[in-house]
Amino acid sequence: MADNAIYYDASKCTGCKGCQINCKQWNRLPSPLEQPEWTGSYESPKENSGNTWLRITFNEVAGNDDDGIGWAFGRNACQHCTDAACAKVCPAGAYYHTAEGSVALDTSKCVGCQFCATACPYHIPHFNDNDGRSRKCWMCQDRIANGLKPACVTTCPTLALQFGTREEMLEKAKARVAEIKPIRPDAMVYGENEMDGLHVIQVLPYGAEAHGMPLNPKENILEQAERWLQPLTVLGVLGISAVAVASFIGGRHFSQAEALKHAYPEDYGRPDEVVVEEMVIEDGRDA
Ligand code: SF4
Ligand code: SF4
Ligand code: SF4
């Protein structure tokens with residue numbers, strides 16, 4: 001098993017959102033049926049949710065082009081932190097690190113306390129309206145454990161998204177930043193040291209904040225403490241602790257794929273191997 005990472009080069013991203021759509025397709029995540037409100041931006045939807053785990057963000061910056069405007073695209077999804085705040089604060093032990101480099105989530109253990117959502121410096125975990133349990137990108141653990149690339153990566157037409165060992169992705173990112181520095185002086189690699197090292201390595205031509213990434217991400221401890229101090233939360237915590245203990249003693253360890261089968265049984269009537277084979281054919285690209 002390798003320590004893997006997703007590579008995202010914002011200087012090659014065209015904002016086509018193919019990755020965003022393929023994330024929904026592979027993970028069987030529904031889209032809202034109602035017309036979204038027009039916000040004056042191509043960015044849609046405006047926030048991640050229990051059914052939107054990856055979102056391409058559109059930020060305008062002063063560019064070097066003739067019209068003086070540039071796009072600083074961003075990839076808003078789980079960063080798969082080495083020092084994962086979500087895993088540290090979850091009282092039910094629902095989050096876990098995998099041998100492939102991802103931070104995955106056993107939704108069957110989630111008790112809906114939302115501590116993970118508060119602690120995550122990237123505001124990633126969101127709640128599924130159907131069952132009130134946390135959801136987020138899981139690096140397509142079902143695919144990577146079978147030697148395939150994450151679904152979003154296979155879709156990218158410009159190869160802005162790639163997948164490989166973290167070491168290789170870091171090397172690639174550093175080389176790309178060196179290449180574009182002459183025209184993008186703020187260009188930087190993001191993910192080498194943040195949260196003790198992320199498993200999403202990014203090339204950000206306009207600097208972190210222009211692409212919507214915090215420069216010095218930290219676990220949101222203050223907000224976390226506030227929640228724990230709320231009187232009603234104490235009762236909740238006692239209940240959560242009981243569930244966590246019961247889960248630890250008698251609980252079966254579900255993968256997120258297994259948990260999703262419980263949440264959406266009608267969509268998961270097929271064995272995983274068949275789904276994987278169909279995906280390769282539908283993609284028309286190498287896994
Ligand atoms: S980005 Fe947030 S949800 Fe993802 S591993 Fe890091 S702390 Fe957890
Ligand atoms: S790795 Fe999988 S779950 Fe994560 S954003 Fe890409 S397609 Fe979605
Ligand atoms: S598929 Fe590639 S080019 Fe299109 S939005 Fe995603 S990362 Fe950008």
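This is a predicted model: local features need pLDDT of at least 70, side-chain atom pairs count only at pLDDT 80 or more; totals for chains, interfaces and linings use all residues.
A residue is near a ligand if its C-beta atom, placed from the backbone, lies within 6 Å of it.

## Ligand 2

Ligand 2 is surrounded by 13 residues. Cys23, Cys137, Cys140, Pro150 and Cys152 come closest. Two elements each give two or more residues to this shell: helix H1 (18-26) and helix H5 (151-155).

The class make-up of the shell around ligand 2 is 12 nonpolar residues and one polar. No charged residue takes part.

Where does ligand 2 lie relative to domain 1 and domain 2? Ligand 2 lies between them, because both domains give residues to its shell. Domain 1 covers 4-29 + 46-80 + 157-211, and domain 2 covers 85-144 + 218-283.

## Ala187

Ala187 sits in a loop. That loop runs between helix H6 (166-180) and strand S11 (188-190).

Is Ala187 buried or exposed? Ala187 counts as buried, because it has 20 C-beta neighbours inside 10 Å, and the cut-off for a buried residue is 20 or more.

Beyond its neighbours within four places in sequence, Ala187 is in contact with Val177, Ile180, Lys181, Val203, Leu204 and Pro205. Arg176 is 11 residues from Ala187 along the chain. The C-alpha atoms of Arg176 and Ala187 are separated by 9.3 Å.

Note on methods
Residues are numbered from 1 along each chain as its sequence is written. Chains are lettered from A and ligands numbered from 1 in the order in which they are written. Helices (H or I, at least four residues) and strands (E, at least two) are DSSP runs, numbered from the N terminus. A residue is buried if 20 or more other C-beta atoms lie within 10 Å of its own, exposed if 12 or fewer, and partly exposed in between; C-beta atoms are placed from the backbone. Two residues are in contact if their C-beta atoms, placed from the backbone, lie within 7 Å. Ala, Val, Leu, Ile, Met, Phe, Trp, Tyr, Cys and Pro count as nonpolar, Asp, Glu, Lys and Arg as charged, and the others, Gly among them, as polar. Domain bounds come from an automatic or database domain assignment.
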